[in-house]
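User: I am new to reading protein models and would like to go through this one by question and answer. Could we take it step by step?

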Amino acid sequence: MDSALSINAKLEDDEKSLLDRVIDWRVKHISDNQFVLLLSFFVGIFAAVAAFVLHWLIHQIQTLLVSGFSTTSENWMFLVFPIIGIWLTSLFIKYIVKDNISHGITRVLYAISTNRSRLKAHNCWSSVIASAITIGFGGSVGAEAPIVLTGSAIGSRLGQLFHLDNKTLMLLVGCGATAAIAGIFKAPIAGLVFTLEVLMVDLTMASLLPIMISSVTATCFSSLFTGDSAMFNFQMDGVWELDRVPAVILLGIFCGFLSLYFMRVMTWCERGYAKLAKHPYVKLLVGGIALSTLIFFFPSLYGEGYNSLSIFIEGKTPTDWGQVMNGSLFSGNDNLLVLYVGLVMLTKVFATSSTNGAGGCGGTFAPSLFIGGFGGFFFARLWNMNQIGVYIPERNFTLYGMAGVMAAVMHAPLTGIFLIAELTGGYKLFIPLIIVAISSYLTISVFEQHSIYAIRLAREGKLITHHTDRSVLTLMNLDDLVDKDYTAVHPDMEMGDLVHAISRSRTSYIPVLDDAGHLLGEIDITKIRHVIFRTELYHRFTVAKLMTPPAAVLHESDNANDVMKKFDKTGAQMLPVLDENDCLKGYITRTHIYDTYRQMVADLSEE
């Protein structure tokens, strides 16, 4: 007997896959906390590699296409390359990816709030290729959102591979996003606060260490791949002086309104292109022509735009700054610099929305930095030209503008402050960066409650926040709460048969359905107690005469917050749930949903 059991055990062990054996070994020898730390290290490595590969691909494509372009006159190929890039991206997404990969950071937020932090396997690579094609050919978008999606997907897939729980998956998604930002900019602190502010993943003591490990690991490996120098060769222009505070505050307010313009126009353009969704080639033609035309007149809009920003940050004189107009109709006319900068600042949002609207792949992270940098330089140049007050250095204010617009657009002041400081090594700028970030954030908060990434989900009630109560309601999956074991009756059924149905039911509510499964009403046993034992009435009454309408009806598309409100408003103990065809799906009980809520609050509150 013992030999037979040992043989069966051996056969079962042989049938296990290699992964199952690894998981079994891990459970026996490595604790959950230690394993999460190990995974966070690998997430940091993979995210750094992804960031390096994406920027290498973008650089190679741009070098191949535009390295020989004239700097003193217009270049007609700008009218062609962006359209080709968007078209190739569209083909790649349609025939290879076969899924929507736009709005990378928004998709991460959506996965956290509605899909238990589960991202698809192709998200580990698809956004890298798609955005490299789009940006390399001139798409006026950023590579950061695709990399955040990629890093988050890597963390999610590693967690799913080892069958980790939903809470750990959320943490690994946060590790991936942190590593992505840290790896792209070599900014570990900015990566950490980005996850806190934008993805809104609460950093408890249990989650802080893995996220820090991912952030530092990605930064170190990015430095190994590309060197440890900062993105911009910035030298602070003079020391910070208190008499510049009014100018910095005014810049912050200006950045707030500039950010509001960016968000409102972006939303308007997205709605316009969404109306063309059924006509992809018309959408490609409209968006591609709009983008290529803008790039032809303003070459600074080509790609991410960091080269143009570096001209303002590293330049010292109008002649240096005038290089930003190279290849445009404005080239050589330094007296038109302010006009050129202002036009680029205002048209960048149209170029970005046209890129994504036409079928390209990219994010709004780099565009917000670009608009902020151009806005900061524009503000400072006008200030100094008109001698409004004390001289303010253009290069410093370019950086302040970058921080201000990022703080407002993303509702992430700390991210803006630390990112700019780490991008340039300009840690002496902390005070003005804080002032401009606060001023900008407070300004836009009057008009927009959510960031550009969160606003879509907020409208659908699917946004995770730092409020535990709201987060629990957002994360709660109603499908798991629906009790589908019910006893239904027909409206023509006699009361005698109804009594037999009641005897088989586990609940005090009996749904009344028609032949198609639509809910017509329900039998509340407590309301028919006075007639249920009168056998002489069994053939006189039918279910249709005894049923009553439900206190309220739930739909499977309802969020948990709406469900809670309906329970509170009606005082009901059970409410029916209807599917998209208005057929009964099951019941949710007050006891079940409140027990689940309390358990999830306890889980989220654990360190």
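Analyst: This is a predicted model in which local features need pLDDT of at least 70, side-chain atom pairs count only at pLDDT 80 or more, and totals for chains, interfaces and linings use all residues. Residues are numbered from 1 along each chain as its sequence is written, and side-chain values use heavy atoms, with hydrogens and water left out.

User: Which helix lies across S3, S4 and S5, and at about what angle does it run to S4?

Analyst: Helices (H or I, at least four residues) and strands (E, at least two) are DSSP runs numbered from the N terminus, while contact means heavy atoms within 4.5 Å. Axes are lines fitted to C-alpha atoms, for helices over the stretch in contact, and angles run from 0 to 180 degrees between N-to-C directions. The helix lying across these three strands is H24 (residues 560-570), and its angle to S4 is about 140 degrees.

User: What is the strand order in the open sheet of three strands?

Analyst: Two strands pair if DSSP finds at least two bridges between them. Here the pairing is mixed, and the order is S3-S4-S5. The edge strands, each pairing on one side only, are S3 (554-555) and S5 (584-589).

User: Why is strand S2 described as largely enclosed?

Analyst: Buried means under 20% relative accessible area, exposed over 50%, and partly exposed in between (1.4 Å probe, protein chains only). Strand S2 (residues 519-524) is largely enclosed by the rest of the structure because, of its six residues, the number buried is five.
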